[in-house]
Amino acid sequence: MHQVTSSAATLRPAAAVAAHALRLSTDHREGPKIRARFGAMKFSWTETLNATSPTKATGRHHKHSSVLKVRCWVATHHQHNSNAQRFQATGIGIAKILHAFYQFCRPHTIFGTIIGITSVSLLPVKSLDDFTLTVLWGYLEALAAALCMNIYVVGLNQLFDIEIDKVNKPILPLASGEFSVPTAVLLVVSFLVMSISIGVRSKSAPLMCALLVSFLLGSAYSINVPFLRWKQHAFLAAFCIIFVRAVLVQLAFFAHMQQHVLKRPLAPTRSVVFATCFMCCFSAVIALFKDIPDVDGDRYFGIQSMTVRLGQQRVYRLCVNILMTAYAAAILVGASSTNLYQKIVILTGHGLLASTLWQRAQQFDIANKECITPFYMFIWKLFYAEYFLIPFV
């Protein structure tokens, strides 16, 4: 009895010392004191149990510890996989929204606006001295306002063409259901407000004129109310596209850079006149050809486009002939140039574009529906390429 009491008495101080050291080791401020007092001694729950428990208890403790570690690893691994899957799903959702917004903006029209305004904005520039921060800011203001207005116009058209697009363009976000109508309305209104706000802030009369006319014609083209919905009439639909793409972009944005930004007298140049005339032909072709792949939906919903009236084959031939005539006129303009460098660029550039169009037209089959949309996109590429040649005229 005395021996048992003596052993318990011996264990109590040792356990007390271990518990005291363990408690103090959790206090970071007293860590150095503990290390100085106890030297290299280390205390842990395992060592304490080993000192006070039989060998069988120690083995059972290690067994439970291993099981606990496995369960903790499984729970942590499962949580990690769950977080990774959630992050991946979020990334996929964001990518889908961005892709839907990209389609909603109708990227081929966005590229046309960027390239066209950039090319026209360079026409008033006479030397490297004109490339100042003021000129850059004026260009960026015009470009931002025009892009916002572009998104308003194409978004509004999709809002009023949901049923038609389900037949003609089912990949568009409203027709496919990726965007809801309230979402599209919010986007359209937001970009309209941003466009007008940028125009007002710029205090540029030509830029505001371009934005307001684009707003009025874009609304008249799409909104389905009495006396509007001009896209139902072939002549009015073509007028909207030609006036905005050919006349407004060339003259208004040239005047914005020449008069408002550079503070120079407004005087038309040879390049501006050529660009306006040439783009009238190109815009007419775009206005006509865009209805060729949409003929089924337009006919079903009563849209009297030129393709519905004349047929796909006739409209296609008319478009090719208009473009070839425009290229021939551009080559004549280049041949009349007195500057040898400009003459070479204009003749070579338009000659290559005309020959490319002719070769592509010979391989085109209007009866193959899968070829129509790629050819329409090819016409837009020719449209982009022309703006790279206009500054050389």
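Colleague: In which loop is Lys-231 found?

Modeller: This is a predicted model. In the model, Lys-231 sits in the loop that links helix 10 (205-222) to helix 11.

Colleague: Is Lys-231 buried or exposed?

Modeller: The term buried applies under 20% relative accessible area. Lys-231 has a relative accessibility of 12%, and therefore counts as buried.

Colleague: Which residues is Lys-231 in contact with, leaving aside its neighbours within four places in sequence?

Modeller: Its contacts, with those neighbours set aside, are Asn-157, Asp-161, Tyr-221, Ala-237 and Ile-303.

Colleague: How many helices and strands does the chain have?

Modeller: The chain contains 17 helices and zero strands. Of its 393 residues, 40% count as buried. Among contacts with a separation of 6 or more, 72% are accounted for by residues 24 or more positions apart.

Colleague: Which residues does the UniProt annotation "transmembrane region" cover?

Modeller: According to the unreviewed UniProt entry, the annotation covers residues 108-125, 137-160, 181-199, 205-223, 235-257, 269-289 and 315-334. Two of these stretches may be compared with the model. Residues 181-199 are 100% helix and 0% strand, with 27 Å between the end C-alpha atoms. Residues 269-289 are 95% helix and 0% strand, and there the end C-alpha atoms lie 30 Å apart.

Colleague: What is the angle at which helix 6 and helix 11 pack?

Modeller: In general, a pair of packed helices is described by the angle between the axes and by the distance between them. Here helix 6 (residues 133-160) and helix 11 (residues 234-261) pack at about 150°, and their axes are 10 Å apart. That angle makes helix 6 roughly antiparallel to helix 11. Their crossing is right-handed.

Colleague: Which residues make the contact between helix 6 and helix 11?

Modeller: Helix 6 contributes Thr-134, Val-135, Gly-138, Tyr-139, Ala-142, Ala-146 and Asn-150, while helix 11 contributes Arg-245, Phe-253, His-256, Met-257 and Val-261. By type, the residues of this contact are seven nonpolar, four polar and one charged.

Colleague: At roughly what angle do the axes of helix 16 and helix 17 cross?

Modeller: The axes of helix 16 (residues 340-363) and helix 17 cross at roughly 175° and come within 11 Å. The two helices are therefore roughly antiparallel to each other. On the helix 16 side, the residues that meet helix 17 include Val-345, Gly-349, His-350 and Leu-353. Their partners in helix 17 include Pro-374, Phe-375, Phe-378 and Leu-382. The residues of this contact divide into ten nonpolar, three polar and two charged.

Colleague: Where is Met-377 found?

Modeller: Met-377 belongs to helix 17 (residues 369-389). With 27% relative accessibility, Met-377 counts as partly exposed. The C-alpha atoms of Met-377 and His-108 are separated by 7.7 Å, although these residues are 269 residues apart along the chain.

Colleague: What is the phi of Arg-106, and what is that of Phe-227?

Modeller: As a general rule, most residues other than glycine have a negative phi. Arg-106 is not a glycine, yet it has a positive phi of about 55°. Phe-227 also has a positive value, near 75°.

Colleague: Where do Arg-106 and Phe-227 lie?

Modeller: Arg-106 is in the loop between helix 4 (55-104) and helix 5 (107-122), and is buried, with a relative accessible area of 19%. Phe-227 is in the loop between helix 10 and helix 11, and counts as exposed at 80% relative accessibility.

Conventions:
Residues are numbered from 1 along each chain as its sequence is written. This is a predicted model: local features need pLDDT of at least 70, side-chain atom pairs count only at pLDDT 80 or more; totals for chains, interfaces and linings use all residues. Side-chain values use heavy atoms; hydrogens and water are left out. Axes are lines fitted to C-alpha atoms, for helices over the stretch in contact, and angles run from 0 to 180 degrees between N-to-C directions. Helices (H or I, at least four residues) and strands (E, at least two) are DSSP runs, numbered from the N terminus. Angles under 35 degrees count as roughly parallel, over 145 as roughly antiparallel, 65 to 115 as roughly perpendicular and the rest as oblique. A crossing is left-handed if the near helix is turned anticlockwise from the far one by less than a right angle, and right-handed if clockwise. Contact means heavy atoms within 4.5 Å. Ala, Val, Leu, Ile, Met, Phe, Trp, Tyr, Cys and Pro count as nonpolar, Asp, Glu, Lys and Arg as charged, and the others, Gly among them, as polar. UniProt positions are given in the numbering used here, feature names are shortened, and annotations may be inferred rather than shown by experiment. Buried means under 20% relative accessible area, exposed over 50%, partly exposed in between (1.4 Å probe, protein chains only).
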